[in-house]
Every structure is written in C-alpha cells, then in structure tokens.
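User: I am new to this structure and would like to learn how to read its salt bridges and one of its helices. Could you take me through them step by step?

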Amino acid sequence: MPPTLTPTTELTPEERFSSPGFLLNKVGFVARRWIHEALAPLDLNGREAEILLRLRAADGDADGEGLTQAQLGELLHSDPSNLVTMLNKLEAAGLVARTRDTADRRRHIVTITRAGLRKRAAADAAVEAVEDRLLGGLSDRQRASLRTLLLAVDQRTAADWDDD
C-alpha cells in the first residue's frame, strides 16, 4: 500500500517546508532562474524558446506550414499584444517569418526559419543541461515518473495558466 500524505494543515511548521506545493514553488523558482541564465547567451527567454519549439513541432522543418498567430497565441496562452512583441523580436533576428494567409488576408502565418531551427537546437541543449543539473540525483526511472506526475499537474492547472 502506498504511503499517504498528511494534509498540510496537520503538518508542523518544519514539515510544511516539505509539502508538495511549497517544494514545487521553491524548485520552480530555481528551475526558471537557471533556464533564464542558460538561454540568455542565446538572446532568448523561455517564452521565445517555447515559440520556436511550438513552430518547430508544427513545421517539422523550415519549409512547413506554420501556425496562425491566433493558433500560436492559444497554444502559448498568450495575450495577442505580448505575442506580437515576442514575434517582432524573433522576426527581426531572422528566427521566424510572418506571411499573410492566402486563404484569409487578415491572418498571419508564422513559420520557423532555418536560423530559428538552429537557435532552437541550441536552446534544447541549454535546457537539457539545466535539467541534468536540476535532476542529476535522479535515476532515469525517477525522471520519467517525475515527468508523468508534472504532466498530470500541468493538465489539471492548464485552465488557470496565464500570460507572463
């Protein structure tokens, strides 16, 4: 029988520091800072790296169909004005391209460029190094279990995810 967790309200003050919510907050803060530091030399932040990842997944390569700005905004849970600001930076750097949708001239299609694919590969390596640093004490099986658990928590909290 798996161990049961004591409700947080029944924990001593010292035990509360090991509650899942407190630990997720603490580890999340460190992970975010380390990822920010790892992406900074690439002149990317986490949201911009995620844009490149979403576009790479949609495109497959630099000749793919891309996503509309609206689709990208929905995937990122991003306010349209914040998304435009990020896309302007990525486009100026030659990492993404925006074109008018031939079926609906009001919409823009966003695609990743070859330079964007290279930058995304570098971002993947940087984030992987952070994950190795962060999770270095865990076995492959523990990492897989942690990923599964975090995906379940992410799915449950998706409706409350907001733009930052």
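This is a predicted model: local features need pLDDT of at least 70, side-chain atom pairs count only at pLDDT 80 or more; totals for chains, interfaces and linings use all residues.

User: What is a salt bridge, and how many does a search of the whole structure find?

Analyst: Side chains of opposite charge can pair when their charged atoms come close. The term is used here for a side-chain nitrogen of Lys or Arg within 4 Å of a carboxyl oxygen of Asp or Glu. By that rule, searching the whole structure gives nine salt bridges.

User: Which residue meets Lys89 in a salt bridge?

Analyst: The partner is Asp43, with an N to O distance of 3.7 Å. This pair links distant parts of the chain, 46 residues apart, since Lys89 belongs to helix H5 (residues 80-92) and Asp43 to the loop between helix H2 (20-39) and helix H3 (46-59). Helices here are DSSP runs of H or I with at least four residues, numbered from the N terminus.

User: Are these two side chains buried or exposed?

Analyst: Buried means under 20% relative accessible area, exposed means over 50%, and partly exposed lies in between, using a 1.4 Å probe and protein chains only. Lys89 is partly exposed at 32%, whereas Asp43 is exposed at 52%.

User: Where do Arg54 and Glu50 lie?

Analyst: Both are in helix H3, four residues apart, which is about one turn of the helix, and their side chains form a salt bridge at 3.4 Å, N to O. Arg54 is partly exposed at 31% relative accessibility, and Glu50 is also partly exposed, at 23%.

User: What is the distance between the closest N and O atoms of Glu91 and Arg98?

Analyst: They are 2.8 Å apart in a salt bridge; Glu91 is partly exposed at 32% relative accessibility, while Arg98 counts as buried at 16%. Elsewhere, salt bridges with shared partners join Asp43, Glu48 and Lys89 into one network.

User: How many residues does H3 have, and which of them are buried?

Analyst: The expected span of a helix is 1.5 Å times one less than its number of residues. H3 has 14 residues and reaches 20 Å from its first C-alpha to its last, close to the expected 20 Å. Its buried residues include Arg47, Glu48 and Leu52.

Technical notes. Residues are numbered from 1 along each chain as its sequence is written. Side-chain values use heavy atoms; hydrogens and water are left out. Helices (H or I, at least four residues) and strands (E, at least two) are DSSP runs, numbered from the N terminus.
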